[in-house]
Amino acid sequence: MEQLPGWMQAGGWGALAGSALLLGAAIGWHWQVPQRLVAAVMAFGSGVLISALSFEMMDEAVATGGLPATAVGFLCGAALYTGANWLLARRGARHRKRSGQRHPPAGEGGADGAAIAIGALLDGIPESIVIGVSLLGGGGVSVAVVVAVFLSNLPEGLSSAAGMKRAGRPARFVFGVWAAIALASGLAALLGYTVFHRFAPEVLAATTAVAAGGVLAMVVDTMIPEAFEETHDFAGLITVVGFLAAFALSKAA
């Protein structure tokens, strides 16, 4: 069987990782999942992402374009995400991942549905671009990164969908948001492959590092607070287990 073109593989892997948002949203909408369980999955996903960005994204970036380009990209990615997240927080999207009462009520307190949707997009795009860029070496997609993104998207969709339902948002809005973000994830991975296909190694390194910086800032700003609020003393242990699982996967791949 003939292998699919690289751009099609990138889009497919990105969409697969993004589909976890819809799966999580469906679970969170139709079933009453305990908030502590959601937070535990969030903590596990945080550990998985930290491991993936450390041993897949950053290692690959340094090997491709050197430490200076990687360091600049990493700091820029964190700064860009933090700035955009700060602006969205002022529009009511600060607690977009929360499953409990902190999720902004629809139409109250400045909560903006568009800001929540853009915030979800902001969380997912850096991860998806890395999936596409990981195919540029010709050795196939980074399985560890795909698994990490999938596992981090699952609790995000679950937590946010449960919170949106409590806040009174209609099902068409909730599933419309996550379907659009899943599709955008596939497109972002496709663009990560096609746009950077002919760029210099330093540009590829900086791009991967920008995404890694954005992912780490996202984990600290939005995932870990949700995880700690419900699991408290166990958040660290669960995060470590997630880190170890992704580390083992990266070494086995």
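**Burial, packing and cores**

Reply: Let us begin with burial. G213 has a relative accessible area of 2%, and is therefore buried. Please keep in mind that the model is predicted.

Me: Where is the place of G213, and which residues does G213 touch beyond those up to four places away in sequence?

Reply: G213 is placed in helix α7. With residues up to four places away in sequence not counted, G213 touches F74, G77 and A78.

Me: Is T239 buried or exposed?

Reply: The reading rests on a cut-off: buried means under 20% relative accessible area. T239 has a value of 17%, and so counts as buried. T239 belongs to helix α8, residues 235–252. Its contacts, once neighbours within four places in sequence are left aside, are A43, S46 and G47.

Me: How should I read the packing of a helix pair, and at what angle do α1 and α5 pack?

Reply: An angle is read together with the distance between the axes. Helix α1 (residues 6–30) and helix α5 (residues 143–166) pack at about 30 degrees, and their axes are 6 Å apart. Angles under 35 degrees count as roughly parallel, and α1 and α5 are therefore roughly parallel to each other. The crossing of α1 past α5 is right-handed. Sorted by class, the contact of α1 with α5 holds 16 nonpolar, six polar and two charged residues.

Me: Which residues touch the most other members of the largest nonpolar core?

Reply: The largest nonpolar core has 37 residues, and L49, M57 and I131 touch the most other members. The elements giving two or more residues to this core are α1, α2 (35–65), α3 (67–93), α4 (113–133), α5, α6 (171–194) and α7 (201–231). Helix α7 provides the largest share, ten residues.

Me: With which residues is I131 in contact, leaving aside its neighbours within four places in sequence?

Reply: Under that condition, I131 is in contact with A10, W13, G14, A17, V141, V145, V146, V149 and A189. Another core lies apart from the largest one; it has nine residues, among them L21, W29, A161 and I181.

Conventions: Residues numbered from 1 in each chain as written. Predicted model: local features only at pLDDT ≥ 70, side-chain atom pairs only at ≥ 80, totals over all residues. Heavy atoms only, no water. Axes fitted to C-alpha atoms, helices over the stretch in contact; angles between N-to-C directions. Helix = DSSP H or I, 4+ residues; strand = E, 2+ residues; numbered from the N terminus. Parallel < 35°, antiparallel > 145°, perpendicular 65-115°, else oblique. Left-handed = near helix turned anticlockwise from the far one by under 90°. Nonpolar A, V, L, I, M, F, W, Y, C, P; charged D, E, K, R; others polar. Buried < 20%, exposed > 50% of the residue type's maximum accessible area, 1.4 Å probe, protein only. Contact = heavy atoms within 4.5 Å. Core = buried A, V, L, I, M, F, W, Y, C linked by side-chain atoms within 4.5 Å.
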